[in-house]
Amino acid sequence: MSKGKAVENRTEELLAPIAEENGVEIYDVEYLKEGSDWYLRAYIDKPEGVNIQDCENVSRALSDKLDEVDFIDDAYILEVSSPGLGRTLKKDKHLEKSLGEEVELRLYKPRDKQKEFTGILKSFDADSVIIETEEEKVFARSEIALIRLAFDF
């Protein structure tokens, strides 16, 4: 397991009881380097959406717990936020919650001279994702660079 994944998994374990105490769910945890800085990002959600107070409460509690356990060797910046309207659907649990919703799908390589598709998420499994545009389209998960919820203004 990579260093980043190990940090994400351990952080998620520490975050679980904090999220429960604050009435939110863990959407995702990321540990990544941007430029010269490491970022530990926790995305939280709840049905009616999170507010700034939710983020602040979770951030303070998580920061205290991370200081107590002190398992991350690098200096990092902690961020706690909502996954946002155009949230990325990375995990099966994200896809499951988004069945029947409109999604944007971006491919690594063009298919029929097109890399981006928008449609209704119909189904998925370990190997593929199916969306409905004018017709049903099946994409191998290995060819998908990004899936996120579509949103219109």
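Student: Two strands pair if DSSP finds at least two bridges between them, so which strand pairs with β2 in the parallel sense?

Tutor: Strand β3 (residues 76-81) does, and the β2 and β3 pairing extends over six bridges. Strands here are DSSP runs (E, at least two residues; helices are H or I, at least four), numbered from the N terminus. The model is predicted, so local features need pLDDT of at least 70 and side-chain atom pairs 80 or more, while totals for chains, interfaces and linings use all residues. Residues are numbered from 1 along each chain as its sequence is written, and side-chain values use heavy atoms, without hydrogens or water.

Student: And which residue stands opposite Leu78 in β3?

Tutor: Leu40 stands opposite Leu78.

Student: Is β2 largely enclosed or left open by the rest of the structure?

Tutor: Strand β2 (residues 37-45) is largely enclosed, because eight of its nine residues are buried. Buried means under 20% relative accessible area, exposed over 50%, and partly exposed in between (1.4 Å probe, protein chains only).

Student: How many bridges join β1 to β2?

Tutor: Nine bridges join β1 to β2, and these two strands run antiparallel. Within this pairing, Glu25 is placed opposite Asp45 of β2.

Student: What about the hairpin of β1 and β2: how many residues are between the strands?

Tutor: There are two residues between the strands, and in this hairpin Gly35 takes a positive phi near 65 degrees.

Student: New topic. How many strands form the open sheet?

Tutor: Five strands form the open sheet. Reading across the sheet, the order is β7-β6-β5-β4-β8, with antiparallel pairing.

Student: Why is one side of β7 and of β8 left without a neighbour?

Tutor: β7 (136-140) and β8 (144-149) stand at the edges of the sheet, and each has a single partner strand, so one side of each lacks a neighbour there.

Student: Then how does β4 join to β8, parallel or antiparallel?

Tutor: Strand β4 (residues 102-111) and β8 run antiparallel, joined by five bridges. Leu107 is found opposite Ile144, a residue of β8.

Student: One more thing: how is the protein divided?

Tutor: The division gives domain 1 (3-81) and domain 2 (92-149). These bounds come from an automatic or database domain assignment.

Student: And what separation is there between the centres of domain 1 and domain 2?

Tutor: The centres of domain 1 and domain 2, taken over C-alpha atoms, are separated by 28 Å.

Notes. Pairing = 2+ DSSP bridges.
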